Amino acid sequence: MKISLQLIVVIIGSFIVFSQASKDVKKLPPVIFVPGDGGSQLEAKLNKSTTVHYVCDKTTKDYFTLWLDVNHLLPIAIDCWVDNIKLNFDEATNKTFNQPGVETRIPNFGDPSRVEYLDPSRLAITGDYFSHIGDTLVSLGYIRGENLHGAPFDFRKGPSELGIFFENLTNLIESTYIENGNSSVVLIAHSMGGPLSLILLNNKTQSWKDKYIRALVTLSGAYGGSVKALKVFATGDDLGVYLLNETVLKQVQTTLPSSAFLMPNQFLWGDEVLVSTPDKNYTINNVESFFNDINYPIGWKMFLNEKDFTKKLVPPGVEVHCLYGVGVSTIKQLIYKSNKFPDQPLFVYEDGDGTVNIRSLEVCKDWLTKQKQEVHTQGFDGSDHMAILKDVRVINYIRDRISIWSNLYS
């Protein structure tokens, strides 16, 4: 069989282009997305003996999307959803467990799409998450599943129950490092993913971090918790969707250890009054009384399980880029006109990103003189807690840093 000279030239040329493209991809530092509270897809399978409503399914043959499918948040359907997703607390073991007959799983650990879109159908506007950053990285040459990964987890849990997640994330970091020519990994974390990443890094040796981690980039990192977590336990939260009933959502939110984990850090708030009634003031130091007075002592027990994980907020020992929104009214204090809970309180506001208070977002600033690795912090005016994920200024910042890190591999 004869091969023309022209064909040989084309083949050789294509090989050179392919090799160069592969080389360029390897220059890019691999990235892993670490999501926050509510930032992972969650699936469930049912085998229940009873339901809260006749329209609710008792059994399902296969797993289905429990979070996020907006159809589950419609009237009546939301009652079924609440009963399927909420947790129970075992006081003997101090652990939470699913409702009877509900089996849950986190699909496809490592797949970035599971944290880029919370709604697998990608049709719901509310289901958009890391996708804008993911698409930007792909435009730079990243390949999903090769040098771009996601680390979804059961966001209902606090760190006391996330041992398997930390183990899986460690394995993902190490395998990603090896599969990308021994290139250290960039963690890009949002919200609760910030303190979870901090916990992971604080439990690694410096030699491990020096080898495997290029940098930690956090967006709206809730390092020191948020006063809004107190509001969740007092009144619930509508997640910024006015059509949702916060009282209904409270039935789920108050059962989640992650809500307790995100309570205000005592080192940041001290004896500052967070909840006020005519007869009593509540600080983070007497928060047990708050839980007793709202008739939810289990909340105190969950808080005890989680509060020490980021108690001292020790710097991570890696290069840090701490990005967050500022200039957005954020709840500072709840004021009740009567001594009865859960009457709707009045709110006092301060600076933050609408969800996390500025003092929590700026914890990274304290690391500037406490670690030898670089620490960069930057506030973005008007960028709220979720909007930061698609803020052009933030995406450009990440793009610029990727360019700098890529040159280091040249």
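Ser259 touches Ala229, Val232, Phe233 and Gln253, not counting residues up to four places away in sequence, where a contact means heavy atoms within 4.5 Å. The model is predicted, so local features need pLDDT of at least 70 and side-chain atom pairs count only at pLDDT 80 or more, while totals for chains, interfaces and linings use all residues. Residues are numbered from 1 along each chain as its sequence is written, and side-chain values use heavy atoms, with hydrogens and water left out.

- Ser259 lies in helix H10 (residues 257-261); helices (H or I, at least four residues) and strands (E, at least two) are DSSP runs, numbered from the N terminus.
- With a relative accessible area of 8%, Ser259 is buried, a term for values under 20%, whereas exposed means over 50% and partly exposed in between (1.4 Å probe, protein chains only).
- The side chain of Ser259 reaches the backbone oxygen of Gln253 at 2.8 Å.
- Leu334, in strand S13 (residues 330-335), is buried with a relative accessible area of 0%.
- Beyond its neighbours within four places in sequence, Leu334 is in contact with residues including Val227, Lys231, Ala234, Ser276 and Phe347, and the C-alpha atoms of Leu334 and Ser276 are separated by 6.2 Å although these residues are 58 residues apart along the chain.

**Helices H5 and H6**

- Helix H5 (residues 163-179) and helix H6 (residues 193-202) pack at an angle of about 75°, with their axes 11 Å apart; the axes are lines fitted to C-alpha atoms over the stretch in contact, and angles run from 0 to 180 degrees between N-to-C directions.
- H5 and H6 are therefore roughly perpendicular to each other, a class that covers 65 to 115 degrees.
- Phe165, Phe166, Leu169, Thr170 and Ile173 in H5 meet Leu196, Ile199 and Leu200 in H6, and the residues of this contact divide into 7 nonpolar, 1 polar and no charged.

**Backbone geometry in loops**

- A cis peptide bond, with omega of about 10°, joins Trp67 and Leu68, and Leu68 is found in the loop between strand S3 (64-67) and helix H2 (77-85).
- Asn182, in the loop between H5 and strand S8 (185-190), has a positive phi of about 60° although it is not a glycine, and at 49% relative accessibility Asn182 counts as partly exposed.
- Ser220, in the loop between strand S9 (213-219) and helix H8 (228-235), has a positive phi of about 55° although it is not a glycine, and at 0% relative accessibility Ser220 counts as buried.

Notes. Polar contact = N/O pair within 3.5 Å; in protein donor to acceptor, adjacent residues only side chain to side chain. Parallel < 35°, antiparallel > 145°, perpendicular 65-115°, else oblique. Nonpolar A, V, L, I, M, F, W, Y, C, P; charged D, E, K, R; others polar.
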